[in-house]
Amino acid sequence: MKYADIIVDISLEALNRVFQYIVPEILESKVRVGSQVMVPFGSGNRIIKGFVIGFSEKPDYAPDKLKEIYSIPKGSMVVESQMICLADWMCRMYGCTRIQALKTVLCVRRKIQGGTKKIYFLAVSREEAEAEMKKLSVQPRFASRAALLALFLDDREGKGITEDIMKKNVPPPMNALRTLIKHGWIEVREASDYRIPFLGVEDGKQVQLSREQQKAVEDICEDERMVHLLYGVTGSGKTEVYMQLIERTLMSGRQAIVLIPEISLTYQNIGRFRQRFGRRVSVMNSRMSEGERYDQYIQAKNGEIDIMIGPRSALFTPFPNPGLIIVDEEQDGAYKNDTTPKYHAVDVAVERMRLCGGKVVLGSATPSVVAYDRAVRGIYGLHLLKKRVAGGAAMAETCVVDLRNELKQKNYSIFSRKLQREMEVRLEKKEQILLFLNRRGYAGFISCRSCGHVIRCPHCDISMTLHKAEGNVLKCHYCGLTLPLPGNCPECGSGYIGAFGMGTQKVVEMLEKRFPQARILRADRDSMRRKNSSMEVFQAFSKGEADILVGTQMIVKGHDFPNVTLVGVLAADLSMFSGDYLAGERTFQLLTQAAGRAGRGEKPGLAVIQTYQPEHYAVTCAAAQDFEAFYSQEILYRQLMRYPPAGHMMAVIIEHEDEMTAREGSLLLAGVMAGKDVHILPPAEGFRAKEKDCYRKVIYIKSNEINGLIRSRERAQAFIRGEALFREINVQFDINPMNLY
């Protein structure tokens, strides 16, 4: 006999309440994970709807106390069923619990009651209303009533008229409205007053595609492959290709999701998509209120919108029939979820489209090595955009500055002589400048010049960062601890304590001294905590209200500022030696993306890359804007070391507040996970050996097949369940992104 685990309420509060039912023999071949079923519930055995989330061969209670599934409704593959199937896949692939997966895919926490608004409609036929309007219009004292009826007759789609529209068109309308309602000409209905997080221009703007763009659209539509890589240089018009693909998707009666890596990109994207598709577009992200997110969720589920834009959480929009998921800037690390389940949005997007029979389009000017490798091997479709479309604008010229030579010439400033000269020229011409430094705060660390002591977070194994603009405080960027800046060294008492390194706050301070006439904006996580603050900063810069924008990597992703003619990368080396096999790839991508922000309008652009390693192939290839040259060198390194895409890889993170316990747990797991189909590296300290008072050990496992990693993980999970030591040890399994297809 087979038993089904069923949830009878799809709200997140109810996910932990799972009920077991007997699967009748007649339904065994039809019931599967995700199936919508009708079950008897409660003492009165009323028949209600439920969803199957799993099966078991053994009952949790005496079989005679369990009830049978009553039936399967016809056509019951609803959106909840799709999302439960997706959660089941995530559970098996990423090794998370069923509840963790369900709470990820069913992303709205709870119902948030919204307001209502009154909408008015004709209560009679159009012929009757037209006759009455003509009768009233000849009498001046009834002019308002006649004008109101004329307004309703203009509503040919029958969507109704709100009081705001009436007040704009018929002064004063309310007395006339009450009279028309009283005599049965107009009726009033209540409708949900949805919270709309962003309003954009809606002018239905159409753009003529270039030959390259049109070919990409046609090829993607005609190619039977599910996943496609749109590889186009910065400014080549990938967004227009996206919109053409979305238009075709909507014409087929399906919906589309557009993933963006940063919330800061919302303003620019929602504006462009609203221009094209109007109110059919909405947005979902964590900066919105719970009520706003709930309203977008309900509108998507009810079919009132059909395009959703947002970061990775938008992937779980409950569209009834999604046909296209676009992942813009697919190479971005923000698509990897840091908490359990440690999913990658690209992999989950592909699985969701496999369930729905749709397509995934990955877009990038600097594709991930894994995605490009799959494309050149024919697993993904590959579509190229090699030319910029904005007035035939040429790619920005790139100049690499060796900071070692700057030191030899006694230039101790963060700004090289070349960059300072170019900034002076741009400021004189009233052109704009982007300065990129991938470190927020004022200084990277605080150190004593007498004894060498570095002030570190007592809870995490990292140095604390000085934030001068917030009152000379030290912050830990991992646990959030804030401490006052000490006047003396806490180790030796010396007064020779000072800030070393540099962050975006210090860059702004130096710019204010060097270019006092310049208007400067800063864009990083510290300056954009408020809701809509990123939209305000980028909107202000786009309107020309600042000359220089200083920021972290959020300023080099996808933004289009036509008057930016100079981009300065202040320290290209920050990402080059991070101890991660992806370090070279990330460096190349950031440098190329940064350079791509310059010269996107009619004026030529220049990118100045400052580095201590000008000969590194990530720098030379980025300066040449040559992705193929970078890929040809990087893939050799990956093949030599069996890193993705040359092999599959998983990290197992072991955390405990006692370092020796964490070490013992890691050694035990390494032994359990060993097998002929995997290669296990000895346990080592994690990238952050201590975080939030927990010590971290990591085990790296490589395999030629993804199933080898999954079997290894299952052995570890079975061992953990039966071992007392692991009751207090936190273990996370992190399968490397984009390894699954």
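Which residues does Asn411 touch, not counting residues up to four places away in sequence? In this predicted model, the residues in question are Glu406, Ser416, Arg417 and Gln420.

## Asn411 and its loop

Asn411 is found in the loop that lies between helix H13, residues 403-408, and helix H14, residues 417-428. With a relative accessibility of 13%, Asn411 falls under the 20% limit and therefore counts as buried. Its side chain also reaches the backbone oxygen of Phe415, at a distance of 3.2 Å.

Strand S8 covers residues 255-259, and because five of its five residues are buried, the strand is largely enclosed by the rest of the structure. Gln255, Ile257 and Leu259 point one way from S8, whereas Ala256 and Val258 point the other way, and all of these residues are buried.

S8 pairs in the parallel sense with strand S11, residues 322-328, over five bridges, and also in the parallel sense with strand S10, residues 307-310, over four bridges. Val258 has a bridge partner in each of these strands, namely Ile326 in S11 and Ile309 in S10.

## Helix H12

Helix H12, made up of residues 369-376, is mostly covered, with seven of its eight residues buried. The buried residues are Val369, Val370, Ala371, Tyr372, Asp373, Arg374 and Ala375.

Just after H12, Gly378 takes a positive phi of about 85°.

## Where helix H1 meets helix H21

Two packed helices are described by the angle between their axes and by the distance between those axes. For helix H1, residues 79-94, and helix H21, residues 706-722, the axes come within 9 Å and cross at roughly 80°.

Sorted by class, the contact of H1 with H21 has five nonpolar residues, no polar residues and two charged residues.

Methods. Residues numbered from 1 in each chain as written. Predicted model: local features only at pLDDT ≥ 70, side-chain atom pairs only at ≥ 80, totals over all residues. Heavy atoms only, no water. Axes fitted to C-alpha atoms, helices over the stretch in contact; angles between N-to-C directions. Helix = DSSP H or I, 4+ residues; strand = E, 2+ residues; numbered from the N terminus. Nonpolar A, V, L, I, M, F, W, Y, C, P; charged D, E, K, R; others polar. Buried < 20%, exposed > 50% of the residue type's maximum accessible area, 1.4 Å probe, protein only. Polar contact = N/O pair within 3.5 Å; in protein donor to acceptor, adjacent residues only side chain to side chain. Contact = heavy atoms within 4.5 Å. Pairing = 2+ DSSP bridges.
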